[in-house]
Amino acid sequence: MIYDFFTNLFNNQIIGIIISAALPLLLFILPFVLVAVLMERKVSAHMQDRLGPMRVGYHGILQTVADLLKLLQKEDIVADVNDKPLFNLAPVIVFAGSYAAFAAIPFTGAYIGSNVDLGIIYIIAATGLVVAGILMSGWASNNKYTLLGAMRSAAQIISYEIPTILVVLSLIMITGTMNLETLSQMQTGYFWNWMILGGPGTGLDKFLFIPFTVIGFLVIYISTLAEVNRTPFDIPEAESELVSGYHTEYSGMKFSIFFLAEYANMFAVSAIVATLFFGGYQSPFGYLGNTLGAHWLIPIEQFFWFTVKGVFFVFVQMWLRWTLPRLRVDQLMAVCWKYLIPIAFVNLIIIGLITVL
Amino acid sequence: MALKTEEMILNMGPQHPSTHGVLRLELQLEGELIVNIIPHIGYLHRCFEKHAEAMTYPQVIPYTDRMDYLASMYNEFGYALAVEKLAGIEVPERVEYIRVIMGELQRIASHLVAIGTYGADIGAFTPFLFCFRDREKILSLFEMTCGARLLYNYIWIGGVSHDLHPDFLRLTKEFIDYFRPKIKELNDLLSYNKIFIERTANVGILPLDVAINYGITGPMLRASGMKWDLRKDDPYSVYDKFDYDIPVGDGRMGTVGDSWDRYFVRVLEMEESLKIIEQAIANIPEGDVTSAIPKRVKPPVGQVYSRVENPRGELGYFIMSNGTPNPLRIKVRGPSFVNLAVINELCKNLLVADVITILGSIDIVLGEVDR
């Protein structure tokens, strides 16, 4: 939609593509990362009886801006032993992978980067690119710690994609669509139309779905935690073992791109979970714009609800991170292969049976 | 036929977030499995024992502070006891009580660091800061008493440098009331956390016979199931006047002597220390704390070995005197140094992540390993 708008405005496809591709980065991801980094520091601080950043601006609200400026000034160190082309390319690929996911996420009913019919499958495929970037960075750094981190990360992300996909499949069975925009439209109305509460249906099967969609939600949430390397699955970055994992050797802007990608990824998976199970941008109880008759208000409200849901799940990620210890590599794999995949698979079969009946 | 793969040598430390100082471990890995560990020590060697030969007896005390810098009070305590034994100095009872209170507060502070950093090693960062917050209160008590927060020079030969602050006993009581619920909070947050148990139970099991062969002491030995504590088994100072337990590892979450036991013995010991402090506060006599401090310490010719139960194990001082104000030789038997030796035995065929777990559960202080 945005793409069509700008293409018509400038009468030029390329300008339309560039603008519509850059918009979410400039208008959403960068501001979100600035807020999220501060939020992480404040959330962790208050959980730990501290105050967190207090000096820059009121209660430290400008701390991330200051940190960002500092990072921009830092020397960009590339060691002689690094594999330079791969080393330079890796952060870009990692960021491209997590950024590409935003193309298919519907922010409001009025804005979606690209309304592809295979939306959810596209997102899973695009985020798969992150693994390549991480492996490249770990290898190109020419450091044993980064290599270990990258190997762990690759194994972890690939393994945890399986339960994610199984849960997504079960949702596709219920809704019959892979298009996230359509999926969001289906969950309109009140919160009992959300997929976690059985979806928009009205019959008996809606109530039969509820326990299994809840299980599906738990499985996919745990898997997404692992996919974005958050505690208790932050093994690739396990500070106490691997110093800082695959991005140990990076500094300056390249490091900040990894950082940006991490937080962008956190929001992306949270937004996907919200879209799949919690109605996406839909309001839980009708729109103010409808009652007032001001229809221009609806996209703004939708954007508000979308952000609130996304940020809530990001908050839960932070909450878990500052509460739980970290699993060991073999335990992490055991969680995936021995618990999540069988649960997701049985869940898929049961949902399939209910759908057929 | 199995393929012979090349072993990878991973150098952990001396600059590494989890080696608790400047320990360097040379890990021989096969994949992520440990084949062999070679610890390299000495990055923090400061010639304490040689230095001590050039000092007079009281001048050595600040150097003992700098050995196990997380348990400075107890190092001074042990040294003062050794010299008093050698020189035959009787100290007033109030001094003994003050020393016990300080020593046990120091034990809690030291265990808080051990527990907190252990949590951080395993990835739980919040308990780390909770522990440091509580340790801060103990350090404030120390600061109030002698002006220093880490390296005190408080326990002198024959006495202590200052009497207690008038508010000290009241504030210590308040601290005890404050701290008891915090131990429970710590248990809820970390000790009984499922992931924490998964990471530590049945990891790095230290059988009792191995522990005894290696000369392990302190919480590590007790976690392996032996009730051995010098405060009970070779009482010094006024420890025989108090009623307290010696917690031992019981393999509640796995096997006796695993990392979880080593961790939990420390948690239980904090509670026992609180008991000792409570009783000491209730019974502390009045008196002059500096009356027995000699003008010049000049022990007769002879030698002495005196040992105390430091937060990490048996801290022994061997002192040889030739009748001059300077010691002829001081040898320290440091618990961290002896306990560290067993790491290769514990880590075989485990993962890299387990090395961190086990190293944290040994609880070394490099200042004392290297001295």
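**Close-up views of a predicted model**

**View 1. One salt bridge crosses the interface of domain 1 of chain A and domain 2 of chain A**. The model is predicted. Domain 1 of chain A covers residues 1-73, and domain 2 covers residues 90-356. Their centres, taken over C-alpha atoms, lie 20 Å apart. Domain 1 of chain A gives 22 residues to the contact, and domain 2 of chain A gives 27. Together the two domains bury about 2,300 Å². Carbon and sulfur atoms supply 80% of that area.

**View 2. A:E40 pairs with A:R321**. The closest N and O atoms of this salt bridge are 3.3 Å apart. Side chains of opposite charge can pair when their charged atoms come close. A search of the whole structure finds 36 salt bridges over all chains.

**View 3. Helix α2 of chain A packs against helix α11 of chain A (residues 252-277)**. The axes are 9 Å apart, at an angle of about 90 degrees. Angles of 65 to 115 degrees count as roughly perpendicular, and α2(A) and α11(A) are therefore roughly perpendicular to each other. From α2(A), the contact uses A:F28, A:I29, A:L30, A:F32, A:V33, A:A36, A:V37 and A:E40. From α11(A), it uses A:F259, A:L260, A:Y263, A:A264 and A:F267. How do these residues divide by class? Twelve are nonpolar, none is polar and one is charged. A:E40 of this contact also forms the salt bridge with A:R321.

**View 4. Helix α5 of chain A meets helix α6 of chain A**. Helix α5(A) spans residues 119-127, and helix α6(A) spans residues 129-140. Their axes come within 4 Å and cross at roughly 5 degrees. Angles under 35 degrees count as roughly parallel, so α5(A) is roughly parallel to α6(A). A:A125, A:A126 and A:T127 represent α5(A) in the contact. A:L129, A:V130 and A:V131 represent α6(A). By class, five residues of this contact are nonpolar, one is polar and none is charged.

**View 5. Chain B and chain A share two salt bridges**. One of the salt bridges found in the structure joins the side chains of A:R328 and B:D354, with 2.9 Å from N to O. How many residues does each chain bring to the contact? Chain B brings 32 residues, and chain A brings 23. The two chains bury about 2,500 Å² between them. Of this area, 60% lies on carbon and sulfur atoms.

Note on methods:
Residues numbered from 1 in each chain as written. Chains lettered and ligands numbered in written order. Predicted model: local features only at pLDDT ≥ 70, side-chain atom pairs only at ≥ 80, totals over all residues. Heavy atoms only, no water. Axes fitted to C-alpha atoms, helices over the stretch in contact; angles between N-to-C directions. Helix = DSSP H or I, 4+ residues; strand = E, 2+ residues; numbered from the N terminus. Parallel < 35°, antiparallel > 145°, perpendicular 65-115°, else oblique. Contact = heavy atoms within 4.5 Å. Nonpolar A, V, L, I, M, F, W, Y, C, P; charged D, E, K, R; others polar. Domains from an automatic or database assignment. Buried area = accessible area lost by both parts, 1.4 Å probe. Salt bridge = Lys/Arg side-chain N within 4 Å of Asp/Glu carboxyl O.
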